[in-house]
Amino acid sequence: MTMGVSTTIRIKRFLANGGLVLLLIAGIVFITYLIQPRILAYQNVINVLRNTAILSIISMGQMLVMIVGGFDLSVGVLVAFASIETAIVMGWMLQIMPDLAPLAIVLSVLIALGTCGMIGMVNGMLVAVLSLSPFLVTLAMSSVVAGVTFYITKGIPIYGMPESFTIGFGRGFIFGVPTVIVIGLATVLIIFAMQRFTAFGRHVYAVGSNPVASRQSGIGVTRTLMLIYGISGVTAALTGVILTARIGSGQSTIGSSFVLESIAAAVLGGVSLMGGSGRAERVVAGALFLSIVSNAMNLLRIDSKFQTLVLGAVLIAAVCAELFLKGRRERG
Amino acid sequence: MADTLFSSHLAFLQRLGPLQRLLPSIFVFAGFAMYQPTVISTGNLWNIAIQTSYLAIFTMGQVIVLLTAGLDLSIGLTVSYVSITAALAMMQAVDSPTLALLIFLSTGLMLGAVIGAFNGFFVAVVNINPFVVTLATFNILLALSSTITDGFPVSGFPPLIGEALVNTEIFGIPIPIVIIAALLLVVHILLSRSVFGRSLYLIGSNRRMAFTAGINVRLHLLGAYTLCSALAAIGALLLTARAGSGEPNFGGSLALETIAAAVIGGARLRGGEGGVASAITGALFVTVLSNGMNLARIDGYIQQFSIGAIIILSLIVDRYSHSNRSS
Amino acid sequence: MADAPKLLDMTSITKRYGPSLALDQVDFDLRAGEIHVLFGENGAGKSTLINVITGNVKPEAGKYILEGAPISDMTPQQARNLGISAVFQEFSLIPDLSVEENLFLGREKSRSGFLNKAVMHREAQDFVKKLGFEIPLEHQVSDLPRAQRQMVEIAKALFGKARILILDEPTASLTDADADILFDLLADVKAEGIGIIYVSHRMREIRMLADRVTVLRGGKKVATVDGTDITEDQLVEMMVGRHVGELYPKITHQPDKVMLDIQHLSSADGNVRDVSLNVRSGEIVGLAGLVGCGKGEVGRLVFGLDEIASGRVSIDGSEVTVKSPRSMLRKGVCYFPADRGTDGLAFNRPIRENASAAALDLKSIGGSGWLHRSSEASKVRTVLEKLHVRPLLPEQLVVQFSGGNRQKVMLARGLMRDLKIFLFDEPTVGIDVGAKVEIYELLRDLAQGGAAILLVSSELPEILNLSNRIYVMHDGEVVRHLEGKTRTESEVLKSFFGREKEGVT
């Protein structure tokens, strides 16, 4: 009797700690493989991993914001904003210093990351200093940034980036591994190390778990929140830069689907909606799951528009599973 | 003594409340009128009145869930989905205009109620964060409304629809304004004089208190979300009739606009405050602003920018006006 | 002692919250190597004073001098750096982090940007050895029982270099054995020249520890007295501002038939186990025990707020299924929660709506689904008058009122309908003496009017003076049932730590 109970608890605990997502990934891969073996072809695997890397990067920022008890809805428009900003600034730079393409690339990317980081910090400041609702602040910020983005471009793509950026960076390889995957891995590793091995990482959990106690323990809560929203801006911008390089132009229309996808990846990765918990490595598993689902749907020739539907359903299912597995339900 | 002084001051402000909330609209209107005199033309005034009433009914739905300390991000896609599906259903009976009108109205209302009940079920019964639930619903409805007709509008409505829901006037007032005003009156009575309305305010102010006081929290939340989507559906039907076609892209930014309007109108994001007056005054402000910007030929993207900026400002104002009272 | 240097010297500290003064020109000082007890009722201003000292609350006026240097704008961080260490009643630990991570929170040891976990672990172990009591460094705080969290909390405050140690009722959830360890530790701390501010209203501790006692009442300082030659009665009289005898009304209990009968009740979360007790009409039954012993949960279970795992509840002789507060209200049971903030009141709604919230299904108020607003208003007014709510402004928001009136508004909820059984959970927490007396009188009137009342309280004098019978709980179980002459303080205290188990009827 007691054995039985403890086994159920152990299974529940395994499922709640990421086991469910891994099982689902294995299941989907297996079923799809039976119908369409191409899912395990080298090119397809690389493709899935690349998408996972891109989604993981933006989900890192989203995860951190969710750990401190918020949401960042502005990540979608920041992707677009970073995209056109990179393209425009890179164009200017190349005119100023035509011979220094690498420098122009690096500078324009850094400027894009920096601006989006600042926008993120403004979000963080409004949330932390004025204690406004995080999701409304970031929703409103989305409207502001989208307005600027479209006003600048009128919705027209911006071309004129050097091949060393589009092909060398966007489609290039480092030691035989696609650059995008390397960057994704590096980002995840940095955030992972930050969470595990730095004081700041601990403070982030503390602020999300109990802001009052954190303040009493001498943690700068406002500073922490601003930095976190800033990081979310930077990771969104990095995603925008990568997409820009891969598409080969600055696009004001990309990125909107990342809001939901990054939240879904984080929730699937066990980030609590109440704040206080969430780990980088598990969010990557969430991102992998979403990439595989969409890849499998493509391979099985399911209308791509239905993917948003599946995504919505997966999000609700994931939250329900979290509630069920952790048994955290209140009466009333 | 201090209590009484404070209260008389407060009571005065509360009495002034709705009027005070009109001031921003009046200022903005006056500003645009000086810049662009066509703003004051009779035609444009009617235009503002009609647009305000459409936005007001959507905002009313949003206010009802904001009251319960929730929100509905899916309201815009509810409008799109209801518009296109009700239009499609009606086209099956295009030969019999009366039947078509009935099908149009009943399909729309039913769909609205079902979507609302879906949101309400997950928020109230399963107890999931309303933001996540309605975000997911948003995406599900987005997929549905963009696939049903591959993104094309459904047109070719029988003229009866237009006559019944758009072009008729009652005592010189366009019928959509009459319908919406009547609905808002009903909602006002419901919120201020029914046990249902009272329960929503108490739940929004403190959900656990409401439960402890014996209020059926789940049932009322379910009702609030259903009512919200039903109102959105009625608005969607009126808009669809006006456009003469079912449109898959009606409600894109409606979530943001309605939340902005509600907050500007004095609804409290943490629940427990707001009413029909918030919906009307807030909708009027957003309408006057975008109408003025349109007439002044201000770029649509700058309008988007301004709405975002205004929300942030109104959030800050909301914060200070409420925290002054509750610190 | 008297010539030891002043660590802390505060004069005329004033702090206002909305309409009420939390601190009204309070003077307070602390010398090196002394234990200075802060004594007063809940809501007397003790917590606010501590929060001013630790920089969590900014006073509107007053002088704050720390080791001779005037402080103009204290922040929590600065207070910590200056060696002010506080243990609050609300836990300041992060539940998602381990004990060791909590010890170092905000002062982590890093080397070139990365945490130096080995060094921190060694320091933590050395510290625990010096401390003399066990705390599980590796465990996540959320897994620890309440008493152990309290020890971790104290350890955290002592960790590092404290000059001033502030303890806010540190023994509220400790066993006697743990408390003794703490007292030994405090003696060592004192000897090192650290000043200790100790908040408590347990006489045993004040007798053992206090060098000086400062009594606060209603935000004002009553007096600072020498700890060694003050009697308990003197202290209590200073605290409440009147003779002890005047505080509690005479109650004639006339126990009749059993109205509420609980048999073998256990909660789903395990905090209440196999509890059996009963309450008769016409009497007040007290439920006593330490913080965290499960006494508060009993009322919540019976009212349907928490989930019942097993057991039977009978109302007026017939067994009932506890479904929800709604169903229990209709069966004539009302529970008044201890926490007015989370369960009790809708702060940004008017008093009238709060008072009538539990009566919306009554025919005279809203049984048809529509509100009868004039009859609601008049009924609320009658009840508020009965409760002496002053000023009587039912359209005011609850947030604009002070503790005593807020509590009365919550109690009004139970008087709006015809009820037979009342469960009071800490009914006088954080309210002034005047309101307290009025609430005691309400309890008396209800009991003498034939209601069955269960009074859950951490204030022992309240239980002793108002109850006809007393149950004592320890660690989730009822360990004692006291009737008649056995209802004495020493008998209750004996059972607080679950030493004796006697037949419980």
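A residue is called buried if 20 or more other C-beta atoms lie within 10 Å of its own, exposed if 12 or fewer do, and partly exposed in between, with C-beta atoms placed from the backbone. This is a predicted model, in which local features need pLDDT of at least 70, side-chain atom pairs count only at pLDDT 80 or more, and totals for chains, interfaces and linings use all residues. Residues are numbered from 1 along each chain as its sequence is written, and chains are lettered from A in the order in which they are written.

**View 1. Helix α12 of chain A.** Here you can follow residues 280–299 of chain A; helices are DSSP runs of H or I with at least four residues, strands are runs of E with at least two, and both are numbered from the N terminus. Of the 20 residues in α12(A), 14 are buried, so the helix is mostly covered. Just beyond α12(A), look for R301(A), with a positive phi of about 55°.

**View 2. Where chain B touches chain A.** Each chain brings 37 residues to this contact, where two residues count as touching if their C-beta atoms, placed from the backbone, lie within 7 Å. On the chain B side, α5(B) has the largest share, 13 residues. That side holds 26 nonpolar, eight polar and three charged residues (nonpolar: Ala, Val, Leu, Ile, Met, Phe, Trp, Tyr, Cys and Pro; charged: Asp, Glu, Lys and Arg; polar: the others, Gly among them).

**View 3. Where chain C touches chain A.** Chain C gives 20 residues and chain A gives 17. On the chain C side, α2(C) gives the most, three residues.

Note on methods
Expected span 1.5 Å × (residues − 1).
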